[in-house]
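Here's a quick briefing to read alongside the model. Have a look at the ligand site first, then at the sheet.

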Amino acid sequence: MSTAVETFGLTKRYRRVDALRSVDLTVPEGTVCGFLGPNGAGKTTTMRILMGLVRPTQGSARVLGNAVTGDDVAVRARVGYLSQDPAFYPRFRVRDVLRFVARRFLSGSRAQIETSVDEALELVGLTDRADRRVKALSGGERQRLGIGQAVIGRPDLLILDEPSVGLDPEGRFQVLGLIDGLRGRMTIFYSSHILDDVQRIADHIVMLDRGEIVDQGPMERFLGTGATYRVVLDGDTGGAGLAPLRALPWVRELTHLGNGGWEVAVTDQSAAERELLRTVHRLSGAVVRELRPLMRSLEEVYLGVLEGRNDDRAS
Ligand code: ATP
């Protein structure tokens with residue numbers, strides 16, 4: 001799989017702060033990649049380096065196959081960016097904001113620019129707000145306008161720095177839907193503290209803490225699908241009911257939860273998928289009300305990872 005973003009030993013030192021320490025991260029092309037980390041972890045700094053707005057102290061980065069040099073206009077035209085605090089002239093109308101950005105970054109006739117503006121309005125669902133002044137927009141609409149100005153050049157990579165911050169549930173929902181709608185059209189690299197949202201929408205994760213990569217990889221790896229199954233039988237069969245499962249070579253651990261509930265940890269997922277339901281039914285003779293792989297939440301994984309790091313530091 002090719003990569004949309006890659007960094008090599010990326011390091012940024014401010015006068016007293018090591019904002020990034022030898023960060024090697026990868027964002028695979030075509031993914032929606034969630035960029036996680038506590039306040040001050042270095043997410044904004046990373047994104048600003050990728051945009052050529054900040055120079056690294058050491059290390060380098062490649063964006064869409066090109067080295068980031070800070071003034072590479074050709075690559076910049078293929079990257080859309082929404083900063084953490086996008087500033088708009090409050091008296092501008094929505095259409096004028098997009099027109100302003102389009103004139104600056106796109107080439108083409110006046111009519112082509114207008115078409116791009118209309119398409120961006122449509123894409124972010126602001127067509128009926130086109131003549132409103134920015135100051136009259138809700139938080140969610142303003143953020144959608146920010147995404148609109150970032151996608152107006154139909155970029156191959158979209159970098160969004162906390163696009164949902166400060167939004168109410170409806171605004172968050174809108175932004176999430178918008179990102180989901182862009183999936184497949186461009187690679188999306190976005191930072192967020194709202195782990196539920198990230199879990200819902202991202203297919204790849206990069207975790208940063210105090211300037212260091214903690215972990216990164218496909219979402220399935222973090223959620224650990226399939227290693228443990230929850231089984232619920234109709235009526236409690238008592239503690240012995242499924243005990244013979246323990247003797248099977250692909251069963252690692254069996255836990256009786258009471259009320260007909262069991263957890264079966266397995267070493268071989270395909271064996272479990274072939275055999276588990278049949279075996280449970282044969283052993284218990286009961287109706288199997290539920291049988292499903294247990295998923296961890298991204299929040300559990302994330303907090304677990306950070307806690308582990310804090311413990312390591314304390315010891
Ligand atoms: P948040 O989630 O709070 O936005 P973040 O992960 O985006 O945090 P950064 O904004 O990249 O983190 O900050 C990383 C560290 O670098 C912090 O300690 C911050 O105070 C410091 N820092 C960032 N910009 C500067 C700067 N211009 N001068 C000095 N220190 C800075």
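Helix H1 (residues 43-50) gives the largest share of the shell around the ligand, 3 residues; helices here are DSSP runs of H or I, at least four residues, and strands are runs of E, at least two, numbered from the N terminus. This is a predicted model, where local features need pLDDT of at least 70 and side-chain atom pairs count only at pLDDT 80 or more, while totals for chains, interfaces and linings use all residues. Residues are numbered from 1 along each chain as its sequence is written, and side-chain values use heavy atoms, with hydrogens and water left out.

**Ligand site**
- There are 14 residues around the ligand (a heavy atom within 4 Å), and Gly-40, Gly-42, Lys-43, Thr-44 and Thr-45 come nearest.
- Polar contacts are N or O pairs within 3.5 Å: a polar side-chain atom of Thr-44 sits 2.7 Å from a ligand oxygen.
- A polar backbone atom of Gly-40 is 2.8 Å from an oxygen atom of the ligand.
- For Asn-39, a side-chain N or O atom lies 2.9 Å from a ligand oxygen.

**Sheet**
- 4 strands make an open, antiparallel sheet in the order S13-S14-S12-S15; strands pair if DSSP finds at least two bridges between them.
- Strand S13 (251-258) and strand S15 (288-293) are the edges, each pairing on one side only.
- Strand S12 (residues 228-233) pairs with S15 in the antiparallel sense over 5 bridges, and Val-232 has Glu-290 in S15 as its bridge partner.

Terms used: Polar contact = N/O pair within 3.5 Å; in protein donor to acceptor, adjacent residues only side chain to side chain.
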